[in-house]
Amino acid sequence: MRLFVLAFAGGIWLLQQQVRLPGADSLFGLGLAAVLALSLAGIGRESAPVLRRFLGRGWLLAGAAGLGFVWAAGFAHWRLADELPKALEGQDIEVSGVVAGLPQELERGVRFAFDVEQALPGVPSRVSLAWYRGRDADADESPHVPVRAGERWRFTVRLKRPHGNLNPHGFDHEAWLFERGIRATGYVRPKDIAERLDARVWRPGYAVEMLREAIRDRFRTALPEAPHGGILVALAIGDQQSIAPELWQAFARTGITHLMSISGLHVTMLAGLAYALVNWLWRRSPWLPLRLPAQHAAALGGLLAAFAYCLLAGFAVPAQRTLYMLGVVALAHLAARELSASRVLALALLLVLLLDPWAVLAAGFWLSFGAVGLLFFVLGGRLASGHWLRDWMRTQWAITLGMLPALLALFQQFSLVSPLANALAIPLVSFLITPLALAGCLPLLDPLLFLAHAITTGMMLAVDWMAALPLAVWQQAAPPGWAVLLALAGGAWALLPRGFPNRWLGLLAFLPLLTIEAPRPSSGTAAITVLDVGQGLAIHVQTARHDLLFDAGPAFSSDADSGNRIIAPYLRAMGVRRLDVMVISHADKDHEGGAASVLAALPVAMLKTSLPFEHPLSAQPVRHEPCRDGDAWEWDGVRFEMLHPASGPQARKSNDLSCVLRVASGDKAMLLSSDIEAVSEQAMVGRHGKRLAADVMTVPHHGSRTSSTPAFVAAVGAREVIFPVGYLNRFGHPKEDVVARYVASGARLHRSDLHGALRVDLAPRGIDVHRQRDESRRYWHGETP
């Protein structure tokens, strides 16, 4: 059974790697083949000869994998069919339906999942909507949430298909939406229809969301100014959005992020308390044990408590895994059957994947099942338990060593203080803070919330201290797949029980994982990556030994920007530990929005800008130089020339002060043009003439009509042209006539909104342009023109 489940999971994972889904005929044939393979697996029963047993297991693995592939493909076809037609994108549409989840507050409004009940044909059944306050709202006004979970509303909305930024080693937002069944995103039109139809829609799922929102409101009322109140909300109802971003950074640096979600430990703890309580109460009755043994009643009580907690917590994968494991154990207990721990884990894995084949796309899926599997591997089968401290140290060593390859593969970092932080946080969070927070959900028990917050505050003093240590986190480039697999095998060997020979050799298998450097361009060449940051610009230029960042993308909110969400994770995954130069071309939020976050994330040797003296970035403790026409330098055989702005009287518009950089490898060049407009283009053509010629260019000002004059386009003469634009951006960039101008020039066009990040390999022998959406395409990404 365990082999069947692992192969079934492998088939599901394989389906999620497909660029396109197989058709119905292919899936029908594969399904028949899988059933046939499973029927042939019977030839490998244990009494059969070795060869027949080997063949039987081969048929079992093939059949189970095929079955998993077909199962996941069926779900995928069903979900893809619920698609917004392109003709409806950006159109005003009247919809009515129910607020399906906890509304999440934004800086200027609220975002919520919405189950559509009535709309035009083609509108998906579930969408994500934002309802913004007007831009003229009082800045001091407290956030207003106009909708509540479980309410029925009629709105006029504008929708678009799911779309997210796609960058190397980056988060796939489209996959995240697809897994949650959200097949369109959009916003409520503020001056059109917005009418509440029903205050409550009494369906089980909506009732749970109403309860979760009521508990969240209760916590916020009881702890209105509490700095760590969001942690209690997250532990009670699984609303991780309530935790402030700076707290998540501290959790990541100390390796206790897993405790801030509804983990298996929390569910097991609550189930254990319910088991003990039901068992004690049941035994107090003279007649209840005669009808049902107390242990059976306690098992059912614990399972029901775990189920209720999972519902309250949003049914995340770690909670699901624990619930299903507890369910299997409870059923085995009722049936007087004994099941090994590995069978229980395999059955939980099977249930998770049957209900949610897209769970394999989430990092939490691998970390959750991997951590529990590690514990079973290390602690199972021992003849006797040792001292509790020794067992705890063995467990910490196993989790640290066993999860290290996964953490580096998924996040390119791990916490060096994690064992110490977990030793402090696990008992406090699991046995004090979480039970107090859950008890505080009940009326008249506010003092328990005050106590839980006081304990949390004390814990965070220690966590913040550990997070601030200079060597709290190990960071490195994303390791290659073979190094991850080798380290996993080495970890398994090193964690074998005492008595196995040469267990220390397993540690040597970690050396490639920890020491391999990320590949870099060869001398005389450059790799230039135009990152997909939406409506903005951020470009990474890398030579053999140097790194430059040209602009830092837009800010998304007061605590989220391109720097901390896209650029810093990308640079870490690429193995960039410092920037030799960061250029901020001009004072515009879609170019400078992430600069402060980048400066906070890694050392920067020099900041070159055209920013005014009073700009906040001018106060950063880094060497500053202005962008000046004529500045030039060479790194590793690659030449860099600043072509704008010129000295002398300065333009009034910040766009015309934009830094323009030309990067050349031999006779091949790329022009980074930022947001220059027609006046600057004319001046540059006059000053530089043929020196503007480049093989590749970023289109000035995102394809606005204020730029890309015919004379400038002809002077550059680029054969590869990149439009850095956001999907369906409110400016309408790029403009059709500007696109037509570049098409007429004979250039090949690339767009970050359609193609994701674009990497240009610049070398004297030639130029290659790689589109991220082509290289990492999955079936849920749709077709790219």
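User: Where does Pro734 lie?
Analyst: Pro734 is in the loop between strand S21 (720-723) and helix H25 (736-744). Helices (H or I, at least four residues) and strands (E, at least two) are DSSP runs, numbered from the N terminus.

User: What is the model, and how is it counted?
Analyst: This is a predicted model, in which local features need pLDDT of at least 70 and side-chain atom pairs count only at pLDDT 80 or more, while totals for chains, interfaces and linings use all residues. Residues are numbered from 1 along each chain as its sequence is written, and side-chain values use heavy atoms, with hydrogens and water left out.

User: Back to Pro734. Is the peptide bond from His733 cis or trans?
Analyst: The His733 to Pro734 bond is cis, with omega near -5°. The bond from His644 to Pro645 is also cis, with omega near 5°.

User: Which loop holds Pro645?
Analyst: Pro645 sits in the loop between strand S17 (638-644) and strand S18 (660-665). In the loop between strand S16 (632-635) and S17 there is Asp636, which has a positive phi of about 50° although it is not a glycine.

User: Switching to helices. How do H2 and H3 cross?
Analyst: The axes of H2 (residues 24-40) and H3 (residues 50-80) come within 8 Å and cross at roughly 150°. Axes are lines fitted to C-alpha atoms, for helices over the stretch in contact, and angles run from 0 to 180 degrees between N-to-C directions. H2 and H3 are therefore roughly antiparallel. Angles over 145 degrees count as roughly antiparallel, under 35 as roughly parallel, 65 to 115 as roughly perpendicular and the rest as oblique.

User: Which residues of H2 make the contact?
Analyst: On H2 they are Leu27, Leu30, Gly31, Ala34, Ala37, Leu38 and Leu40. The H3 side includes Trp59, Phe69 and His77. Contact means heavy atoms within 4.5 Å. By class, there are 13 nonpolar, 4 polar and no charged residues. Ala, Val, Leu, Ile, Met, Phe, Trp, Tyr, Cys and Pro count as nonpolar, Asp, Glu, Lys and Arg as charged, and the others, Gly among them, as polar.

User: And how do H8 and H10 pack?
Analyst: H8 (residues 264-284) packs on H10 (residues 294-312) at an angle of about 145°, with the axes 7 Å apart. Among the contact residues are His266, Tyr275 and Trp282 of H8 and Gln295, Tyr309 and Cys310 of H10. That contact divides into 15 nonpolar, 5 polar and 1 charged.

User: What about H6 and H16?
Analyst: The angle between H6 (residues 229-237) and H16 (residues 446-467) is about 110°, and their axes are 9 Å apart. H6 is therefore roughly perpendicular to H16. Gly229, Ile231 and Leu232 of H6 meet Leu449, Ala452, His453, Thr456 and Met460 of H16. The classes are 5 nonpolar, 3 polar and no charged.

User: Pockets next. How much space lies in the second largest pocket?
Analyst: About 720 Å³. On a 1 Å grid over the protein atoms alone, a pocket is an open set of points where a 1.4 Å probe fits, with protein on both sides within 12 Å along at least five of seven lines; lining residues have an atom within 4 Å of a point. Grid points are joined across faces, edges and corners, and a volume is the space filled by probe spheres set on the points.
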